[in-house]
Amino acid sequence: ANGGSITTASQTLVSLATTVKGRCSLNNSRQSVGFGDDELVTCQLEVTDTPTNLCDILRNQSASILLSSAQHQDRANLAIYSNSDQTLPDEWIPVDNAAYKATGVLNDAAGACLQVLTRVDLNMAWSRVGILGNPQNVLSGAGFRYQRERLAYTCLDDMCTQAIARVLLAYSIHFVDVSKPPKQLLKEQPDLIQDLPNDFFYPF
């Protein structure tokens with residue numbers, strides 16, 4: 001975690017990849033996360049189907065696009081250092097709220113889809129440790145936050161045999177520096193008279 005990519009226990013940490021013309025890619029395109037690089041990636045998802053199937057397809061596709069199965073699971077960990085050893089548990093930190101829990105069976109409202117995942121935020125805390133002249137950047141905490149929304153869809157014919165839904169998906173990464181500023185300590189000037197032994201000048 002020193003200027004390069006951040007790694008999970010199984011791979012490099014990834015986020016949503018940028019896409020051509022802003023459209024979401026359904027082939028799970030990802031890009032690696034660089035240490036200290038804040039980013040916000042968005043894309044437009046459009047789904048057309050029957051109103052009966054539309055909401056389930058929309059929820060499944062948005063989750064597939066935004067979530068990487070390797071890092072959104074229980075007991076996901078991130079490397080504290082750029083060269084963390086997988087055999088040393090102290091060199092890895094757990095990721096809060098890593099496992100995304102999909103909602104159960106929903107009775108969607110007329111003309112709208114409920115609980116559609118639209119945004120994933122990853123916040124990571126880091127700090128500088130070590131020698132003041134050559135500090136090392138280390139991760140000290142990480143956690144995911146998920147945003148779900150109620151999304152309206154539009155019928156494409158009078159009988160509403162086909163409907164369309166459009167949604168802007170977003171994936172953000174934010175690094176927070178929690179380093180404590182170093183303190184400069186100056187040694188006090190010695191008091192020569194007080195620090196000398198009582199018989200220092202003896203026998204003069």
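Predicted model: local features only at pLDDT ≥ 70, side-chain atom pairs only at ≥ 80, totals over all residues.
Which element gives the most to the lining of the largest pocket?

**View 1. Lining of the largest pocket, to which α1 gives the most, with 4 residues.** The space in this pocket amounts to about 150 Å³. It is lined by 10 residues, and those closest to its centre are Arg 59, Asn 60, Ala 102, Thr 103 and Gln 115. Two or more lining residues come from each of α1 (51–66) and β6 (112–129).

**View 2. Residue classes in the lining of the largest pocket.**

**View 3. The aromatic pair of Tyr 100 and Tyr 146.** Searching the whole structure gives 4 aromatic pairs. In the pair shown here, the ring centres of Tyr 100 and Tyr 146 are 5.0 Å apart and the planes stand at 65°, so the pair is edge-to-face. Tyr 100 belongs to the loop between β5 (92–94) and β6, and Tyr 146 to strand β7 (residues 136–152), so the pair ties together parts that lie 46 residues apart in sequence.

**View 4. Burial of Tyr 100 and Tyr 146.** The relative accessibility of Tyr 100 is 18%, and Tyr 100 therefore counts as buried, the cut-off being under 20%. Tyr 146 has a relative accessible area of 16% and is buried.

**View 5. A cluster of aromatic rings.** Phe 35, Trp 126 and Phe 175 are linked into this cluster by ring pairs.

Definitions and conventions: Residues numbered from 1 in each chain as written. Heavy atoms only, no water. 1 Å grid on protein atoms, 1.4 Å probe; cavity = no way out; pocket = protein on both sides within 12 Å on 5 of 7 lines; lining within 4 Å. Points joined across faces, edges and corners; volume = space filled by probe spheres on them. Nonpolar A, V, L, I, M, F, W, Y, C, P; charged D, E, K, R; others polar. Phe/Tyr/Trp six-rings, centres within 6.5 Å; stacked < 30°, edge-to-face > 60°. Buried < 20%, exposed > 50% of the residue type's maximum accessible area, 1.4 Å probe, protein only.
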